[in-house]
Amino acid sequence: MIDSYCPNISEGDALRGMPDTDERLLLQAMASELGITDQTLSPSEKAELAEMGLDELLALILRLGKEQNRVPPHFTLEELRERYDVALKNNMAVRAYRALPLDCEIHLIRAEANNYADRCLGWSSAAAKVSVTEQGGDHFSMMRRPHVLTLTKAVSGIIQAHCK
């Protein structure tokens, strides 16, 4: 597992619609994964973010993504919406999943910037043993240079240790 949390949400919670605040957080996470920031927005534009609807936010993310060279110039709003819809469905699937305890070992590579109190991010409830390796960066930056280089070494080391 790479800086992921064990899903521990009840089935009833997962089947309800996602609150607007969760959709906004998901959209924010999607923009972060693409490396899109709001640094170029004016203070008044930032203040307007809370009032924007989903379509407006998607259009803004697309504009910023193109300005910041994080998405291809030909990328369309429809393509971004499709990716958001997939992310939304994936989020609902994770919310519905109930991890059952297994007699196995989980290797968790955890971002050093992750401040969650449980060192194992909840995985100790799903596995007999959890081995944790700290990795530089945060949840998103650990997948980019320079952190991704040490991440690949960590994953390679785990694989090699189990292939002997």
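**View 1. Glu78 on helix α5.** Glu78 counts as partly exposed because its relative accessibility is 47%, where buried means under 20% relative accessible area, exposed over 50% and partly exposed in between (1.4 Å probe, protein chains only). Glu78 lies in helix α5, residues 77-96. The model is predicted: local features need pLDDT of at least 70, side-chain atom pairs count only at pLDDT 80 or more, and totals for chains, interfaces and linings use all residues. Residues are numbered from 1 along each chain as its sequence is written, and side-chain values use heavy atoms, without hydrogens and water.

**View 2. A negative surface patch.** Glu78 forms this negative patch together with Glu79, Glu82 and Asp85. Patch residues have over 30% relative accessible area and no salt bridge, with like charges joined within 9 Å; a salt bridge is a side-chain nitrogen of Lys or Arg within 4 Å of a carboxyl oxygen of Asp or Glu.

**View 3. Order of helices and strands.** The chain has 6 helices and 2 strands, in the sequence order α-α-α-α-α-β-β-α. These elements are DSSP runs, with helices (H or I) of at least four residues and strands (E) of at least two, numbered from the N terminus.

**View 4. Burial and contacts.** Of the 164 residues in the chain, 32% are buried. Among contacts (heavy atoms within 4.5 Å) between residues at least 6 apart in sequence, 68% join residues at least 24 apart. Along the principal axes, the C-alpha atoms fill a box of roughly 55 × 40 × 30 Å.

Key. Patch = residues over 30% accessible without salt bridge, like charges linked within 9 Å, V, L, I, M, F, W, Y side chains within 5 Å. Areas by Shrake-Rupley, 256 points an atom, 1.4 Å probe, with all protein chains shown as cover. Lys, Arg positive; Asp, Glu negative; His and termini not counted. Charge placed at Lys NZ, Arg CZ, Asp CG, Glu CD.
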